Amino acid sequence: MKIKVINKGHHSLPEYQTVASAGLDLRAVLNESIILNPLERKLIPTGLFIELPVGYEAQVRPRSGLAFKYGLTVLNSPGTIDADYRGEVKVLLVNLSNEPFEIKDGERVAQMVVAKHEQVEWEAVDELSDTDRGAGGYGSTGKK
Ligand SMILES: O=c1ccn([C@H]2C[C@H](O)[C@@H](COP(=O)(O)OP(=O)(O)OP(=O)(O)O)O2)c(=O)[nH]1
Ligand SMILES: [Mg+2]
């Protein structure tokens, strides 16, 4: 898969941290640290530009450790990187804790999962097929 990296001095290609990891960790590429105050959101540059094959997407997801320890998450999770996007991959972080959080250059702020996806063609109809569930949702099957 093609990838262009700017600010190469900062870090290498995104990596899987273990042999069977689904996510590639994304690092912040910053000239100076960013402070995220409580409830503040900021777009964090990664220095990465990717060229996904048609039929693939990349999902930008939070890291659970940052979410659990610091309330830091990806606001639009999962962020969607389209196969025809040629801009920089950015991470929309939000701080849901009561404390300011400092993001330093090179820190792993999120992870990216590359996945195959379908594109559908619609067939417009007046009636859909019957199912047991029907229109039930939002807890219709009960709690336990
Ligand atoms: O977390 C994200 C989400 C999106 N993008 C880039 C890649 C994606 O292909 C493009 C558009 O994203 P999306 O479709 O989610 O945003 P939109 O608000 O619908 O913008 P657009 O009108 O450009 O599609 O922005 C990122 O870099 N990071
Ligand atoms: Mg869009």
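Student: Which strands form the open sheet, and in what order?

Tutor: In this predicted model, four strands form an open sheet in the order β2-β11-β6-β8, with antiparallel pairing. Two strands count as paired if DSSP finds at least two bridges between them, and strands (E, at least two residues) and helices (H or I, at least four) are DSSP runs numbered from the N terminus.

Student: Which are the edge strands?

Tutor: They are β2 (24–27) and β8 (79–81), each of which pairs on one side only. From one strand to the next the twist averages 35 degrees, where axes are lines fitted to C-alpha atoms, for helices over the stretch in contact, and angles run from 0 to 180 degrees between N-to-C directions.

Student: How should I read the numbering, and what can I rely on?

Tutor: Residues are numbered from 1 along each chain as its sequence is written, while chains are lettered from A and ligands numbered from 1 in the order in which they are written. This being a predicted model, local features need pLDDT of at least 70 and side-chain atom pairs count only at pLDDT 80 or more, whereas totals for chains, interfaces and linings use all residues.

Student: What is the secondary structure of the whole chain?

Tutor: The protein chain has one helix and eleven strands, and along the sequence they follow the pattern β-β-β-β-β-β-α-β-β-β-β-β. Its radius of gyration is 19 Å, well over the 15 Å that the globule rule gives for 144 residues, so the chain is more spread out than a compact globule. That radius is taken over C-alpha atoms, and the rule is 2.2 Å times the number of residues to the power 0.38.

Student: What share of the residues is buried?

Tutor: Buried residues make up 22% of the 144. A residue is buried if 20 or more other C-beta atoms, placed from the backbone, lie within 10 Å of its own, exposed if 12 or fewer, and partly exposed in between.

Student: Which residues have the most contacts inside the largest nonpolar core?

Tutor: They are Ile-44, Val-60, Val-91, Leu-93, Ile-103 and Val-109, in a core of 22 residues. The largest share, three residues, comes from β11. Such a core is a set of buried Ala, Val, Leu, Ile, Met, Phe, Trp, Tyr and Cys residues joined through C-beta atoms within 7 Å.

Student: And what does Ile-44 touch?

Tutor: Leaving out residues up to four places away in sequence, Ile-44 touches Ala-28, Ile-34, Lys-90, Val-91, Leu-93, Ile-103 and Val-109, where contact means that two C-beta atoms, placed from the backbone, lie within 7 Å.

Student: Switching topic, which residues does the UniProt "binding site" annotation cover?

Tutor: That annotation, from an unreviewed UniProt entry, covers Arg-63, Ser-64, Gly-65, Asn-76, Thr-80, Ile-81 and Asp-82. They span 20 residues in sequence and the farthest two C-alpha atoms are 26.5 Å apart, so they do not all gather at one spot. UniProt positions are given in the numbering used here, feature names are shortened, and annotations may be inferred rather than shown by experiment.

Student: Where is Arg-63?

Tutor: Arg-63 is in the loop between β6 and α1 (64–70), and it counts as partly exposed because it has 19 C-beta neighbours inside 10 Å. Not counting residues up to four places away in sequence, Arg-63 touches Arg-108, Ala-110 and Gln-111.

Student: Is Gly-65 buried or exposed?

Tutor: Gly-65, in helix α1, counts as exposed, with 10 C-beta neighbours inside 10 Å.
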